[in-house]
Each structure stands twice: as C-alpha cells, then as structure tokens.
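Here is a short report for a reader new to this structure. Look through the sequence and the model first, then read on.

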Amino acid sequence: MFRLGLRSEVILFFSLLILSAHAQTIALPAIGTPEWKLSGGQGDLPTHAQTESHALSVTGDGADTNHWRTPSLELLPSTVYEVRFRAMGHDAVGGLGISGPDFCNRDFIVQEDRWKDYTSLFMTPDSMSPDNAWLRFGQWHVNGTVLFDSVSLTRVLPVHETHDGMVLGSGEQIAGNDYDFSLPIFGHPSNVARPLLRYSTRFNTHRWEFSPGSEVVYRHEIATRELQAATLDLNVSAYQSGTVAVEVDREDEQWRALGVVGANGFFSFPIPDELFPAAVIRIRLRGVADANGATQLDLDSYRLRATLSGDPITMEGNTHFVAFAQADPRLDVTCLSLGDGEPGGDNRFVVKILNTTGAVLPVDANLTVTPEQGEPLTVTRHFDLSNEPVVAELPYDIRCSGVHTLACTVGTPDGIRMEAQLNVASLFDATYGELLPAPGPDAALWWCSSGWKVSRSRPAPEKASDAILIRAAQNEAEAAQVVLRPSRPINGLTATVEPLQGPGGAVLPAEQIEVLRVRYVDVTRPTDATGAAAPWPDPLPRFTAPIDLAPGENQPFWIRVTAPSTAAPGTYAGLIRFKAEGFEAAVPLHVEIYGFALPTRPTCVTAFGFSPGDVYRYHRIEDPAQQREVIDKYLQSFSKHRITPYDPTPLDNFQVTWPGVDAYKAGTTTDIAQAFTPVIDWTAWDVAMAKAIDEYGFNSFRLSIVGMGGGTFHSRTDPSLLGYAEDTPEYKAAFDAYCKQVQEHLREKGWLDEAYVYWFDEPDPKDYDFVMNGFRRIHEAAPGINRMLTEQVESGLIGGPNIWCPISDAFDMEDAEARRAEGEKFWWYVCTAPKAPYCTLFIDHAATELRVWLWQTWQRKIDGILIWQSNYWTSDAAYPNEPQNPYADPMGWTSGYSTKAGHRLPWGNGDGRFMYPPEAAADGQQPDPVLEGPVDSIRWEMLRDGVEDYEYHVILRELITAREKAGQDAASLAPYRALLEVPEAITASVTEFTLDPAPIEARRHELAKAIEALAVTQ
C-alpha cells in the first residue's frame, strides 16, 4: 500500500485508509462519447486533422456561459485530486475558460489558437453525492470558441514541508514565535491548504462563495507547540446578501462566536484570551441567510496570526502533491518529502520503505526528474531490505524554471510509482550568469544580464568570464548586475567606480556609471500562477552608505552605464571596487559603445499616469519651492527612462478666464460669442512645455478640455460648462471658442501632434452613445486635436477616436489594419489585467515581460503604450488610516470604483508602481520633508530598455528607406530588412515569449551592427 506517513494531517486519514493497490487515475469517458453532455448553448466535438481524436468545444456570444460535463464520478470526500487538460481559443475574445468540478471551479485566460496545458488541484467537500461528483469544461462570457483536450483526473496526496517534527504547508510560516497562515489561493488557484479540515461552500478560482448554511472549517495545529494568542483576518471581495458567522473552538465542539461579516471589506477578529493556551484552534465560517433567505458573499482572504510556545525558529511551509500510479503488495512505502524543489535548495525525494514479506528483498529506488526543456536526470539507490524500514534519499538537481516532473519507482519497474510536478517560478532559474574572478574564499562573485530577477537563494553559476560586458548606443543607458554571495557576514560594504579607458585615449567618466542596490520586497500573495510567495527584487535604491551582507544570500548590484551622446565608439574597460571589513573585490567592467546615437525624444509614444499629490504626501512637503524641486527629480526619472507622464507640466498649467461671462449673466450684453470667448494665459505653461519636449524628450501630453464631462464604465459625469448644460447655446459658444483657441495655440507652437484628449476610460457598450457624442463635439470644434480612447475597435465607436488604445489582450490586428487605412493610430495598455500568460507589469513576473511588450508593440505596428499610473504607492481603501509602505507591502490594492474603506481587493503586485518613494519616506510618516528623488525599479529599467529597442528598429528602418531612395538594390538590403521582423525566439505570440533576455540582447546587437553598417554606407 501507499501512504503519506506520520507527517500527514488528520484530514487525510480517511483517504489513506481507503487507498488500494490500484492506479489512482480516475477513469473518464473518452471525449466524443455520449457520456459527455453539453449544458446548453453551442458546442461541438471537432476532430484533429492529424490524430483523428476528438476535442470538446464550446462557443459563446460574449454574454453567456455553457460547458461539457462528465457523468458522475466516484470522488471521495475530503480528498485531493489533480485535473489536467489542454485548452485553446479560436476567434475567442474576452471572458474566461472554466474547468474542474462545479464546487471548485478554476477560471483561466484562454490562449488564442495555441494549445496550452493546465493543471488544477482541488479538495472535495466533506460530503459527496452523484449530484456534485462531476467535472465540466466550458466558457464564461467568451465571444468565440474554446476547445479542450487531453483531460485527466488523478487522486493525489499532499506532502508538506517538514523540519525537526514541524510540519507546514504552503501559505504557512514561522518567524521566531510568530505563526502566520494565509490562504495560498492566488498563486495557484485551489482550495487546498494543510489547515483545511472540511467544507461545503463553493470555491471559485480564488474565493469562497457562501450560500445559506454552507460552511468552511480550518484546523490549526502546529506540531507540539501551543498557540498562546491568535488573530483572524478576513476579506470580503464581493457582498450582496446575508452574513457569515465566524466561530472558534478548541476541538471540543463548544463553538464560540467571534463575530459576523456582512459587507465588503477587511475584518479582524482577536481570538479571546480564555481559549489559550491551546493545542488546537478551529475556525468555522458559516453562511447565514438574511430575511429573504439569501446569502451571497465572496471571501478571498483568510489569515490566522498566532503566537507559539517553545524556542524561536524560522521555517517556510510548502506543499507538493504526489500521485500514486502503481502498487506492489510486498512493500509499504511512505513519501516523506520532495525537498525544496527549487535551484539551490535542499532537493531530496525521500521515501520510507518497509519490506512486508518477512524475507530479504532486493529493491531499487529510482527517481527521474524531467524538465520541460532539457534532458531527464535519473538517480538510483539499491537496498537489500530486511524487516526494518529504510529511508531512501534520492537527491536531485534543478537548474531551470518551468514545470519539472518527478517520477519515483520503488521495487520492480512495475512496482510502486509516485509522480509529482514542480512548477519553478522564473525567479529561481539558475541557468544564467557567469562567474567572475573570485575575491577569495569569503564570497562567490558573478554577473548577469539586467533582464533577470535574481533570487536570494539560487546557486552561483558554473560558467565563467573575465568581465562584465555592457553594450549601449551613444545617448543610451544600459545595465547589468553583479552578484555577491558571501559565505560569512560582510559588514560595511561600499562600492566605487573608476573611469573607464577607451579607444584612442577616450575616457568614460566615473559619473556615467552608477552602482545601485537591488532591494527585495516580500510577495506573500502572488499575483497569479506565474508568481511565487518569496522575496522578489524590484526597488533600486542608490548605494550611498555602507551595507551589511548576510551569509548564504545573493545580493545583486545594478550597474547602470549612460553613454554620452559624444562618446567615441569602441570598448572601454575599468574596475568597480567593492570594499568591506576584511573584504575586497575588483570587478572588471567592459562597455562597448556603438557608433550611433539614440535621439533624446523616442519615437514610441508613451503615456503614463503620475500623481504629484502622492509625492507631496510621502515626502511630507508643503513648501511650493520644495515641491517644485522634488517633482522635477521625478520628471528627470521619467526622462531618463524615456517615459512621458500624462501631464509633463504638473506645476504650470495654463490659466483660463472668462471675462465676459459675468456681464452676460447680468444682462448687460447679449453677444454670446464675445461673452463666452475665454482668455488663456499660456506664459508659464509654454515655458514648462518647451522644457518637457526639448530638454526631457517627452513626446505626448494629455490635454484637458473644459466642459467635457467624462467617466468610466463604472460611473460618468454629464458635460457642463460655466453652469450651462450641453444643449444650450452658451455651452456651445464657450466650448467651441475654448477648443479653437487651444488648437491654434498648439499648432503655432508645433505641439498639436503631441496633444491628445483622454476624457473617458474603458467604456461599456452602455456608454458608447455618450462617448461618441463627446468625440463629436471635440471633432467639430477642433478637428486637429487627437482623440484617444482606451477601448478596442467596436462598430459603435468608429468615427469617434482617432487613437485607439485597447488593453493588450483585446488588440486585433485585422481591426487595426482596417482603421489604419482610415488614418487612425493605435496604442495599447496593460494594467491590473491582463495577467498570465500575457506580458504584464507585475513584480512577481519575469523581468523580460515589459521589455518583450515593446517588441510586441513594434511587431504589431503599434505607435504607443499607456499605463494608468507610475507611483501608485497606496490605496485609501486598503489603507484608510495611514499610507501603505510599498516596500513592506508590494501589492497594488484596488481603490476607487466605489471601493469602501477597509476593503482589500488585489490588483496585482506592483500594479501602477514603477518608482518608489525614497527609503527615508517609505511610509510617509517621517517627521521632516524628504527632498530626494524617486527610487527606480527593475521594471522601470525594463520599460526604458524596451523603448530603446523599439528605437533601434526605427533607426534601421529609416536607414533602409534612405538607401532605397538613394538607389541601392533591394537584394543587398534584404538581410537588413529581415532584421525588422521580430523573431519567434523573442515572442511568437502575445502569450508566448522568452523569459530569458539572451535572445533579446543578441537580436539587439544584430540591429546595432546593421545600423552601424548602413550608417557608414550612407
């Protein structure tokens, strides 16, 4: 037989008893057989052209839902299962795929025209019947078709992290005597958690959905430690009716009321002192109907914080899931551990084997680790078993990220087989980097591309090189990382840079080279399945004071080189010197500068939100001169990263007055045209805008049009101007006069092309008439002003915007080409959505994503990118009483949209935040003003690199065009023109792209050499 062993939680006991000597794969009917039933709507069973096998398909109209379902299955109560399937979309827009049992649904983003493998886990309720023991696969609000194939279902057993008798699962951790459990539901949508005892409530992707009488019970027991105090935190993400009763007991069935939740928001319940000390605490959440008999309430966060008895320890929980595929009656095998399951970790597949025959039995234990890409690794141990149990440790090595399959067999090839999958986040990848000359036995020293996020724990690389290499064009900034991993504490570390010596005596001054400190933020709630609960690198504070390094941890430093526009082409060499108490290291740095310059003003249009008010709040500055000083430092950061804020002149708006209106209202004049002609003072604005465009290189600005009204899909404001409604002659006179003056002033200054009106955000179809009416007013009054809308092409909006800005997963190339033929342009944006598998802006995603997004932008002939905010440091809903510390809490929490105070609804880690406040102003609670500039981030750097990559393509395209006009033959230019195509190795589709920066950097180098060659020819 097969069992989990003494580490297993009580909730698994029943499952272990009924395990038999059979494969644990649950038989499902073959796709295409009559056992599969369509719930309704449109569905089909198409066949594959190559294999002739069937798939399931469902087709939606964008507002419906339907699915295929299995017959009732023999699912056991309180048991964990793993479901695997493949899915893809065909002409599918919006909505979500749905999968798994109805009591534990998993939504997923549908990938277009390419199969993607999905794995989900669920624990069954404590009561199963034929009415709920089935799976379904379908769509919710998808406009198009979703296909499913290769569906399987397997019973699995959780194996939790164990250390010195302490057992912790995913979402659990102990720091000293502080225990913390948070539902691990956002990284990998699932209801499975070690403390979950039983439930009857529906679970949907990342939330419990309570109905009348339904309940969830968690059981908290921490080995031999007693709980001495505890607090329960809950968050309700969607509330409509009823309440949830929150109760506690000590496993004595004496349930005590802690309180109720019956509204959106965050709730905290201290557990009464009289219950402590306690060996076990159980929490029951129970749906209670309102007067109408209804309960509809979604809970997306459950956190128990407790104080433990005993000696302080540090331990991070983890859970792996093992499927039992075969059996051998001669053996009793217990899976004890899968180890850390990450590069640089303690990776050991540990099993306890007991011979039940009474005679000596020779047995082999084999472990094969198969990564998604790369060769399998097999480890074998031989044992001659007597009557005593043997613990077999099978060490394995992991270097790369992605899915790894672990298959362990014990006994004969047909004996006991265990299988598990490890999904290693990109953060832990260890396939990159190059060792530098060692400074001694105290530390490993290595370097890598700026396009990697280096984990604290990954091992040093094996490949070696002599120096860091950075390549940049003139007037370009590029970076690399140097990593120190000390074996002992290093105290008082500093870094200095020497000037680099270049060709013909040229010098790259030391001030052109910055050493920044890579700082980590603790992600405790992953944004999605791509992320992981771990410290993730993101902020890049200036390295201005000595720091201490802990042994056994990586500490990266960001080496940023800015090549002057006048720098001589060639390779420059010098040293970066690190010094500390009893430690010294000289790091060779080589910088290759290409023989062409990037323009100060980039071609790719950028439009990013920026809040001066949050700067004032965190820096605690009220003095106007200090405000101007600090805001200018933020604008300089925008400029250096080739990003343009919505408002490049936040302290110098033009002033509008209406001197004739009072006379008109008093009746002393009836000349509407004269009375409603504004006077606009452009003096300060013109000076500031000239600096923004000419010095900072900003290439767009959001133009305010008075009287427009506006809004979002959530709410809107009707147009009104000077107290007059839209349908009055006064409104029309004032609006037209204002728009015409603005248009002609911008035309005179040469800034008309840079201006855009962004007055409505993400409209729903119900808003289309309202939006079109607003665009009509602008076009009639000032047809030269660009009209931008954050929405995909829709028939009801054609003729309104002339700059379309869809969210990235809604961009359609065919629609775009049709509108471009009419002279319209395209931008696109990312925000809290889309999430994986698209390129995103989140901290807990690969660094390459934002850079690849710009290659996708070029690939689709898109002119610009937009992101809603750059310094979204706090949410007044999530933090109603004091500002959030973005270094301590990396999550971007929802605000606005009628989100109530205390309601914590996650948008994603780092959403809307590319710059951090200075460390001295991290929480905005310091007593004195802080006059430093912002702290950059890795993602801010990646955006700059992507914009610069886009510019390489533009320069090469222009050189090719110039050579064609000069008469050069097409054949000789063909290799150069081919470089304008983005290779699949960088991005094959919007959901398939490299996590490794090497293909990007290699192609960029090819582009640079082609530019140099054509520039010399020209």
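Is the crossing of helix 2 and helix 3 left-handed or right-handed? The crossing is right-handed. A crossing counts as left-handed if the near helix is turned anticlockwise from the far one by less than a right angle, and as right-handed if clockwise.

This is a predicted model, in which local features need pLDDT of at least 70 and side-chain atom pairs count only at pLDDT 80 or more, while totals for chains, interfaces and linings use all residues. Residues are numbered from 1 along each chain as its sequence is written, and side-chain values use heavy atoms, with hydrogens and water left out.

**The helix pair**

Helix 2 covers residues 612-619, and helix 3 covers residues 624-640. Helices (H or I, at least four residues) and strands (E, at least two) are DSSP runs, numbered from the N terminus. The two helices pack at an angle of about 120°, with their axes 11 Å apart. Axes are lines fitted to C-alpha atoms, for helices over the stretch in contact, and angles run from 0 to 180 degrees between N-to-C directions. Pro 612, Val 615, Tyr 616 and His 619 in helix 2 meet Gln 627, Val 630, Ile 631 and Tyr 634 in helix 3. Contact here means heavy atoms within 4.5 Å. The contact residues divide into 6 nonpolar, 2 polar and no charged.

An open sheet holds 5 strands in the order 16-19-24-21-22, with antiparallel pairing. Strand 16 and strand 22 stand at the edges with a single partner strand each, so one side of each has no neighbour in the sheet. Neighbouring strands of this sheet are turned by 15° against each other on average, direction ignored. Two strands pair if DSSP finds at least two bridges between them.

Elsewhere, strand 37 (residues 468-474) has 5 of its 7 residues buried, so it is largely enclosed by the rest of the structure. Buried means under 20% relative accessible area (1.4 Å probe, protein chains only).

| Strands | Bridges | Direction | Opposite residues |
|---|---|---|---|
| 37 and 49 | 6 bridges | parallel | Arg 471 and Glu 592 |
| 16 and 19 | 3 bridges | antiparallel | Leu 196 and Tyr 218 |

**Cysteines**

How many disulfides does a search of the whole structure find? The count is 0 disulfides. A disulfide is a pair of cysteine sulfur atoms within 2.5 Å. The sulfur of Cys 408 lies 7.6 Å from the closest cysteine sulfur, in Cys 335, too far for a bond. Cys 408 is buried, at 0% relative accessible area.

Conventions:
Buried means under 20% relative accessible area, exposed over 50%, partly exposed in between (1.4 Å probe, protein chains only). Ala, Val, Leu, Ile, Met, Phe, Trp, Tyr, Cys and Pro count as nonpolar, Asp, Glu, Lys and Arg as charged, and the others, Gly among them, as polar.
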